[in-house]
2 protein chains.
Amino acid sequence: MDKVKVYIDENKDRFISELFELLRIPSISAQSEHREDMVKCAEHLAVALMKAGADHAEVYPTAGNPVVYAEKIVSPEAKTVLVYGHYDVMPVDPREEWRTEPFEPQILDGRIWDRGADDDKGQSFMHIKAFEAMCQTNSLPCNVKFMLEGEEEIGSANLYGFCEEYRDMLKSDIILVSDTSMISMQTPSITCGLRGLTYMEVTVTGPNKDLHSGLFGGAVANPANVLTRLVASLTDGNGRITIPGFYDKVRNLTDAERRAFNEAPFSIEDYKSALDIDDVEGEAGYTTIERTGIRPSLDVNGIWGGYTEEGTKTVIPARAHAKISMRLVPDQDFEEIAVLFEKHFRNIAPKSVKVDVKFLHGGAPYVSPTDMAAYRAAEKAVEESFGKKPLPFYSGGSIPIISGFERILGVKSLLLGFGLSEDAIHSPNESYGLEQFDKGLQTIPLFYKYFSQM
Amino acid sequence: MDKVKVYIDENKDRFISELFELLRIPSISAQSEHREDMVKCAEHLAVALMKAGADHAEVYPTAGNPVVYAEKIVSPEAKTVLVYGHYDVMPVDPREEWRTEPFEPQILDGRIWDRGADDDKGQSFMHIKAFEAMCQTNSLPCNVKFMLEGEEEIGSANLYGFCEEYRDMLKSDIILVSDTSMISMQTPSITCGLRGLTYMEVTVTGPNKDLHSGLFGGAVANPANVLTRLVASLTDGNGRITIPGFYDKVRNLTDAERRAFNEAPFSIEDYKSALDIDDVEGEAGYTTIERTGIRPSLDVNGIWGGYTEEGTKTVIPARAHAKISMRLVPDQDFEEIAVLFEKHFRNIAPKSVKVDVKFLHGGAPYVSPTDMAAYRAAEKAVEESFGKKPLPFYSGGSIPIISGFERILGVKSLLLGFGLSEDAIHSPNESYGLEQFDKGLQTIPLFYKYFSQM
């Protein structure tokens with residue numbers, strides 16, 4: 001492994017400047033104006049994978065954004081690792097809160113600042129460079145396949161079909177994913193649970209046009225007022241979600257499991273002060289780490305209606321909208337939750353308005369077993385690179401496709417992410433620490449080594 | 001009066017093309033980018049008033065948008081009418097719902113389509129042209145003064161000071177205002193009541209940045225969720241406003257007054273079908289016309305927060321906002337209501353968020369007596385031009401400055417508006433019927449005639 005380490009050390013500056021090229025492509029999957037950037041980004045990655053040492057790399061078009069596939073087969077007898085990542089990124093709004101240009105990467109305070117610096121270009125790119133270091137030093141102990149998609153942030157709609165179609169090509173012993181975070185650099189962790197997701201959009205429509213709020217105010221249902229009532233009623237005073245049937249399939253942990261779960265190092269005071277909040281808020285009867293790790297949630301991700309610009313306009317808007325997503329835990333079914341949500345939302349709407357409810361995307365929760373070989377290999381690799389045995393960690397986030405992989409490909413995923421909560425993924429001023437990038441580069445080859453030996 | 005009628009008939013086409021010039025100026029007072037358009041509009045009106053026959057006309061700068069003043073004094077012994085109107089207009093959003101360009105007037109189906117076609121450029125311009133017809137035919141029986149402002153839609157902040165400063169210049173026997181509507185062309189009416197207004201903006205702030213809704217969802221107060229709860233709680237299940245003290249000064253009508261009030265012709269079925277709604281909604285125990293005429297209301301005029309563009313973004317927004325206005329009735333005090341609102345909103349906010357509450361603008365409710373000379377003169381004028389005696393009508397709208405006029409200038413206002421509800425003021429596709437414009441041109445000279453004789 002020394003050759004690999006030397007190669008990485010000698011080429012680190014080039015790795016960063018190559019990552020910057022990738023980060024400059026504004027590959028926002030949610031916005032159709034970036035359609036061409038997605039293709040550009042995919043092609044860029046295919047070239048990068050070939051240069052790194054892949055036998056071949058290809059850009060597969062889909063009905064949406066392309067999938068990049070590459071592989072290097074060292075031996076038919078060797079184990080095979082399928083690296084999954086995504087090159088699409090979140091939108092950048094609110095744009096005005098960025099301190100740097102979101103697609104013009106910069107290094108400040110030992111961190112790379114850019115949309116996608118962590119999620120997931122930075123983390124995916126570590127894999128390409130670790131792979132390069134092993135290829136170029138003839139140290140690759142196993143077969144490696146790459147599958148990098150461009151629709152993770154919008155639900156991976158076309159990757160399910162891709163997996164069905166190329167099931168044979170994608171054959172592997174483990175799917176390796178770096179799209180999650182660790183507790184901290186001092187407390188490394190491996191993610192063993194992900195929440196599922198059901199993402200909805202609702203529209204409340206009242207009168208057939210915007211109305212003067214003086215002439216009509218008090219006599220006509222105001223869609224914006226009604227929307228606040230309906231959305232507010234989706235959770236009760238105990239932070240419980242009121243949709244009938246919502247909790248029916250939630251798996252409840254035993255007291256012992258809950259105690260073990262709460263042993264992870266966590267300071268509520270640090271948490272509040274990092275976020276500048278005076279109090280946390282959530283489901284009564286659960287701790288903060290339980291609320292994100294093992295309990296479902298419901299959040300308004302966006303709300304809009306009426307006059308939202310400077311000054312005043314005395315108007316009753318004809319309609320008002322909200323984007324609402326729910327994080328799910330085992331064994332909730334994201335499609336069933338979408339149906340329950342829609343039914344409930346229609347039920348509670350008054351006759352004075354019409355409501356439209358759309359399902360935008362979703363995915364199932366996932367639990368990664370801690371007793372599988374890949375987990376044990378990762379545990380050894382992290383312990384060696386971080387000097388500390390990693391803890392198993394339940395993330396509140398979702399990677400909907402992960403449960404799809406198991407269903408379609410029959411392969412488990414290992415969630416070995418190097419993010420930190422301060423990376424501010426999905427927020428303005430996303431960043432990724434150079435130290436995290438380094439630790440990833442060190443850990444990945446060790447994982448290959450230990451996994452191949454098992 | 002025949003000469004006046006002939007002059008109007010012969011010049012009507014020119015009047016319309018001159019109105020179009022005025023309508024083409026995008027004088028949106030709420031948006032600072034239109035600051036120069038406001039000045040342009042004011043200067044345009046001063047020129048128009050001089051051409052119409054004013055002795056002199058002047059544009060008075062203020063700390064905000066200018067006030068246009070003009071006068072023609074026929075005799076120191078004659079009665080004096082002060083015509084008030086406004087040349088500023090509402091914003092045009094939602095822009096995509098306009099079927100024509102909002103500042104490119106067109107005549108279609110016997111109506112002028114443009115932002116400001118009615119409110120209040122169209123209605124103000126009728127006064128300039130009626131004045132011209134009387135001046136050019138030597139028929140003006142009284143002194144006429146014009147005061148046209150550019151800040152009515154944003155609360156007339158600088159007109160109060162203007163009235164204080166030019167109290168002598170503005171001396172008059174009645175203030176004549178065409179900035180309201182009639183029940184219908186078949187049921188002409190004169191507005192004798194206006195609601196007051198208190199317009200607030202609230203911001204709910206949670207964490208110090210947008211957060212990933214997976215990693216934090218369920219554990220941190222989401223400002224958008226909290227905002228829906230707070231706003232929803234401002235009204236109860238009976239449509240009553242829950243702010244403590246809100247109703248304390250509301251003047252309750254006697255049963256006899258309420259019966260008289262409800263005698264105005266009104267069809268709930270026509271009302272619902274014109275708005276395409278299946279049901280009305282409002283304060284329990286009151287009819288629809290009572291709800292807008294004699295009862296206060298609370299409306300969300302705008303709400304926004306988080307991701308509101310195409311697709312999905314899994315974010316907990318750092319903050320969420322709402323513009324909320326309340327319409328007030330005698331004897332509610334708009335400043336006191338602002339204080340009660342702010343106090344209540346702060347009280348109900350949970351410790352998990354911070355709230356910011358701003359008062360944007362307001363005005364007192366107004367009641368115009370039906371036994372004053374000007375009202376009786378207007379009644380005769382409308383009866384002659386429409387062939388039907390007008391009904392007294394309580395509008396739900398507000399013209400905050402009207403109560404200011406009485407307080408500062410000691411003069412009552414007559415609210416002789418020619419608008420109709422189908423004019424869609426403040427909405428996309430505002431329009432003004434050519435027939436309404438004609439009736440206004442006919443009625444105004446008759447009002448001057450009868451008022452001068454009283």
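A:Arg111 stands opposite A:Gly433 in β18(A). The strand that pairs with β18(A) here is β5 (residues 111-113) of chain A, and the two run antiparallel over three bridges. Strands count as paired when DSSP finds at least two bridges between them; the elements are DSSP runs numbered from the N terminus, helices being H or I with at least four residues and strands E with at least two. What you are looking at is a predicted model, in which local features need pLDDT of at least 70 and side-chain atom pairs count only at pLDDT 80 or more, while totals for chains, interfaces and linings use all residues. Residues are numbered from 1 along each chain as its sequence is written, with chains lettered from A and ligands numbered from 1 in the order in which they are written.

The open sheet has three strands in the order β4-β5-β18 of chain A, with antiparallel pairing. At its edges are β4 (106-108) and β18 (431-433) of chain A, each pairing on one side only. On average, neighbouring strands are turned by 30° against each other, direction ignored. Helix α13 (residues 434-453) of chain A packs on this sheet, where it touches β5 and β18 of chain A, and its direction makes about 60° with that of β18(A). Such angles run from 0 to 180 degrees between N-to-C directions, with axes fitted to C-alpha atoms, for helices over the stretch in contact.

## Two domains in chain A

An automatic or database assignment supplies the domain bounds: chain A has domain 1 (2-194 + 365-453) and domain 2 (196-250 + 296-363). Their C-alpha centres lie 35 Å apart. Between them, 10 residues of domain 1 are in contact with 10 residues of domain 2, contact meaning C-beta atoms, placed from the backbone, within 7 Å. On the domain 1 side, six of these residues are nonpolar, four are polar and none is charged.

## How the chains meet

Across the interface, 84 residues of chain B are in contact with 84 residues of chain A. β11(B) gives the largest share of the chain B side, nine residues. By class, that side has 30 nonpolar, 35 polar and 19 charged residues; Ala, Val, Leu, Ile, Met, Phe, Trp, Tyr, Cys and Pro count as nonpolar, Asp, Glu, Lys and Arg as charged, and the others, Gly among them, as polar.

Strand β11 (residues 297-306) of chain A pairs with β11(B) in the antiparallel sense over five bridges, and A:Gly306 faces B:Gly302 there.

## An enclosed strand in chain B

Strand β2 (residues 67-72) of chain B has six of its six residues buried, so it is largely enclosed by the rest of the structure. Buried means 20 or more other C-beta atoms within 10 Å of a residue's own, against 12 or fewer for exposed and partly exposed in between, with C-beta atoms placed from the backbone. B:Val67, B:Tyr69 and B:Glu71 point one way, and B:Val68, B:Ala70 and B:Lys72 the other way.

β2(B) has partners in β1 (residues 56-60) of chain B, antiparallel through five bridges, and in β6 (residues 143-149) of chain B, also antiparallel over five bridges. B:Glu71 takes part in both pairings: B:His56 stands opposite B:Glu71, and in β6(B) its bridge partner is B:Lys145. Six residues lie between β1(B) and β2(B) in their hairpin.

Technical notes:
Two residues are in contact if their C-beta atoms, placed from the backbone, lie within 7 Å.
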